[in-house]
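Take a walk through this structure, one local feature at a time. Keep the viewer open and follow the residues as they are named.

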Amino acid sequence: MALVTFSGLPCSGKSTHVSRLRDHLLATLERPEYTGAKLKVEVLSDEALHIDRSVYNDSKTEKPARMALFTSMQRALGKDKIVLVDAPNYIKGYRYQMYCAAKEAGLRVCTVFVAAPPDKCKEWHASRDAALKYDDTTFDNLIMRFEEPNSMARWDSPLFTIVWDDAEPPYEAILKAVTEGQVQVANAGTISAPKAPTDALQLLETTTTTLVAAIVAEQANSGGAGGSLVLTSPAAGGQRLSLTMPPRNVTLPELQRLKRQFVAAHRKAMTQGAMEKGGVGWTEERVASMFVEHIQEHLNRVT
């Protein structure tokens, strides 16, 4: 249904407003007059994932921690759920990644910026128990590195700003955004390209080698007179394919060169995640059909 990304300085009151927004959402969804879809509300946070604040002391530990939160967020996204991400989310590139994940899933999104002065954040931080504190240097660094959400950026929009002493936070407007707002539609830039199976290279080699052998054998049987050849590929489950040969003998080196070209092109497509965009399905039958088409195109050009 929706992803709500909270952002703000450390100790600015994000968790407080996450809790209040969750309660407001749940109360609204349980009202008798509510007639919309039945939705769940889930909160994801460093605390929920047992991520200690000390990870922010070093970029080498912070990056895996952010990835753990991101992965959990991806798993939580769903058409029947509103996900609230309670974390610093102080890097605009990280918020963009979360936006793309929600867009790929076809969900609504919004960003909630909890705004509080650094001095007030430091005051609240000083009053916390030691187990809930950041290292003082880390706390100052997080404030310095914070990239404030911008309503002009599509990944931060729609943006709701809650001032730390706001007596009437816009919870109702947020509810409307996540239940009635624009649904993000995935495009080529956010759709993850399907990966090739682990045995794809073996499939390419086996299928193309079998077909080259079949072409050589059928050509020998026909005496090299050209015309239509009917090929049977055991590697493709006995699939029968037709290939029109020129009135000359197509040599084994020529066929092997075409095989190498075909395999090399599809190996490159595999590494770039572009196989599906190129229309190649990873079955023996489909690979065999594509290889025969590749040979036919070459023969038509040179004949």
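A residue is called buried when its relative accessible area is under 20%. C121, with 0% relative accessibility, therefore counts as buried. Keep in mind that this is a predicted model.

C121 belongs to helix α4, which spans residues 118-126. The buried residues of this helix are K120, C121 and H125. Why do they sit on the same side of α4? They cover an arc of only 140° around the axis, and that places them together on one side. An α-helix has 3.6 residues a turn, so residues three or four places apart point the same way. On the other side of α4, D119 and A126 are exposed. The buried residues of α4 pack against α5, residues 136-145.

Now look for a sulfur partner. A disulfide is a covalent bond between the sulfur atoms of two cysteines. The cut-off for calling one is a sulfur pair within 2.5 Å. How many disulfides does the rule find? The count is zero. The cysteine sulfur closest to that of C11 is in C121, at 6.9 Å, which is too far for a bond. C121 is accordingly in no disulfide.

Stay with C11. Its place is the loop between β1 (2-8) and α1 (14-29). At 6% relative accessibility, C11 counts as buried. Its backbone deserves a look: phi is positive, about 65°, although C11 is not a glycine. Most residues other than glycine have a negative phi, and most peptide bonds are trans.

N89 also has a positive phi, near 45°, and is a residue other than glycine. Find N89 in the loop between β3 (81-86) and α3 (92-104). Is N89 buried or exposed? Its relative accessibility is 3%, so N89 counts as buried.

The next backbone feature is a peptide bond. From S157 to P158 the bond is cis, with omega near -5°. P158 lies in the loop between α5 and β5 (159-163).

Finish at strand β6, residues 227-233, which holds L231. L231 has 0% relative accessibility, so this residue counts as buried. What surrounds L231, leaving aside its neighbours within four places in sequence? Its contacts are L211, A214, I215, E218, Q239, R240, L241, L243 and V292. Take L243 from that list. L243 is twelve residues from L231 along the chain, and their C-alpha atoms are separated by 7.5 Å.

Methods
Residues are numbered from 1 along each chain as its sequence is written. This is a predicted model: local features need pLDDT of at least 70, side-chain atom pairs count only at pLDDT 80 or more; totals for chains, interfaces and linings use all residues. Side-chain values use heavy atoms; hydrogens and water are left out. Buried means under 20% relative accessible area, exposed over 50%, partly exposed in between (1.4 Å probe, protein chains only). Helices (H or I, at least four residues) and strands (E, at least two) are DSSP runs, numbered from the N terminus. The arc is that of the directions from the helix axis to the C-beta atoms. Contact means heavy atoms within 4.5 Å.
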